[in-house]
Amino acid sequence: MSDTIGLSVLRGVIHRDLRLAMRRKSDVLTPLFFFAIVVSLFPLGIGSERDTLRQIAPGILWVAALLASMLSLDRLFEQDYADGTLEQMALSPAPLGMLVLGKVVAYWLLTGLPLTLLAPLLALQFDLATPSLLVLAASLAIGTPVLSFIGAIGASLTLGLRGGSVLVALLVLPLYVPVLIFGAGSVDAAAVGLGATAHLSLLGAVLVLTAFFAPWATTVALRIALE
Amino acid sequence: MFYPLAGKLIPWFAVAAAMLTIIGMYVGFFMAPTDAQQGEGYRIIFLHVPVSWMSMFIYLVMAFWAAIGLAFNNRLAAMMASALAPTGAMFTFLSLWTGALWGKPMWGTWWVWDARLTSELILLFLYIGFMALQSAVDEPRRADKAGAVLALVGVVNIPIIYFSVQWWNTLHQGASVSLTQAPSMAALMLIGMLLMALASWMYTVAIVLMRVRCIILEREQHAGWLDELKEVKQ
C-alpha cells in the first residue's frame, strides 16, 4: 500500500461524516440557530444602545460561537461509539490519528465553518464596522478549528459516560480561554485601530499546536474509552 | 509495601505540619515587622503566598503522577494523582479566598481581572474538571487513565493560558494594580513565609498519603493482603 500515512482514509472519513450529517440536516442547523438566538438575546438583556453594543459585540459573538460549537460535541463520537463503528475504526489497519483528524475536520466543516460565515451577518446587528467584520470572520476561521480539536479531546474523554454533555463543558471550557482571548482580542484591536495581525498570528500558532497534539491526545482517550 | 509505610509516615508529616504552622504563624504574626505601606493587613501574605504556591505546585505533581500512571500502567501512581486533586483544589480556592480578603483593604475591591487572579481561577476550573471526570467514570482504571489524559492536556495548556491571560490584560489596559511587593522584603517576613510554605507542604503529604490509603482500601478490597492488616482484622 503506497498510502502509508492514510490520506485516502482521511478523505473517506470526511466524506462519510459529511454524508451522514446531510441525512440529518436538523442536527447541523440546531447549533447555528442556537448561535443566532444567543447573540440576539444580549441586546435584549443589555439594552440597545449602539455604542455599548459595538463595544461588546466581539466578546458576545465569540462566546456564543464557543458555546454553539460545544453544543454538538457529543455528536462527534457518540453515534459511532453506540453502533460499534468506532471500535471497528480502532481495529482497522488505518492510523487512528488520521481517522480522528478526518472526523474533526468534518465536524468543523459542519459547525465551525457555518458559524464563521454566519457571524459577520449577525455582527451587522451590532453595528460593527466593515474592517472589524473581516477580522471577526478571519479570527473565527482560524479559531473555530482549535475549538473543534480541543472539543474532540473532551468528547473522547467523556465517551459513554453519564451526563457526558455537561461534563464536556466543564472539561473543555477552561481550555478554550486562550482562543477566546486572542479571537475577541483581534476584533477589539482592529476596532481601535491597533491592527489585528498580532492576535491572529498567535491564534494561528495555537491552531498549529492543537492540530498537532489534539488528535494524538484524542486517540489515547478513545483507546481508553474502547478498552 | 506502600500501605503500611504510608501509615507509619503520616503521623510524622502531620506533626511536622502542625509544628511548622505554629512556628510560621508565630513568626508571621508576632515577630515580623509591620509593613511600611500596607500596615498590619499584609500579614495575610503568610497564608496567601504559600497556599498559592502549593496550588500550582500540586497540579504539576498531579500531572507527573498521572503521566507515570499512564506510561507505566501503574495503579499506585494514578491513585496518587487522584488523591492530590482535592487538596490542590482546596489550596486554589483558599488562594483565591485569601487573595480576595487581602485585596479588599489594599485595592478596595474583592476582585480584579488581573492576570494572576484570572489564571488562578482557571486553574480551579481545571481541578474541578479533573475531579468531575474521575467521579463520572464508574470503572476505576478508566477513570485513572481518562483523568491522566486530562491532567496532561491541562499541563500543556497552563503556560498558554497564563500567557494569554497576561497579554489580554496588558493589551487591554495598563495593570492598575500590581501584586509585586516592595522589592526588599524583611528577612523575618521571608522566613515566616517559607515556614508556612513548608507547613503546607507537610500537610499536603500527610493528607494525600491518608487519602491514598483510603483509595487503596476501597479499590483493593478483594485483595488477600488486606485481610492480614491489623486494622482490618479488628
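Predicted model: local features only at pLDDT ≥ 70, side-chain atom pairs only at ≥ 80, totals over all residues.
## Basis

Residues count from 1 along each chain as its sequence is written, and chains are lettered from A in the order in which they are written. Local features need pLDDT of at least 70, side-chain atom pairs count only at pLDDT 80 or more, and totals for chains, interfaces and linings use all residues; side-chain values use heavy atoms, without hydrogens and water.

## The interface

Chain B brings 28 residues to the contact and chain A brings 25 residues. Contact means heavy atoms within 4.5 Å. Together the chains bury about 2,300 Å², with 77% of it on carbon and sulfur atoms. Buried area is the accessible area (1.4 Å probe) that two parts lose on being put together, summed over both.

On chain B, two elements give two or more residues to the side that touches chain A: α4 (115–136) and α5 (140–172). The largest share, 16 residues, belongs to α5(B). Helices are DSSP runs (H or I, at least four residues), numbered from the N terminus.

## The cores

The largest nonpolar core has 113 residues. Such a core is a set of buried Ala, Val, Leu, Ile, Met, Phe, Trp, Tyr and Cys residues joined through side-chain atoms within 4.5 Å; buried means under 20% relative accessible area (1.4 Å probe, protein chains only). Members that touch the most others include Phe35(A), Trp62(A) and Met62(B). Helix α9 (residues 164–191) of chain A gives the most, 13 residues.

Leaving aside neighbours within four places in sequence, Met62(B) contacts residues including Ala81(B), Tyr127(B) and Phe130(B). A second, separate core of 10 residues includes Trp102(B) and Met189(B).

Notes: Buried < 20%, exposed > 50% of the residue type's maximum accessible area, 1.4 Å probe, protein only.
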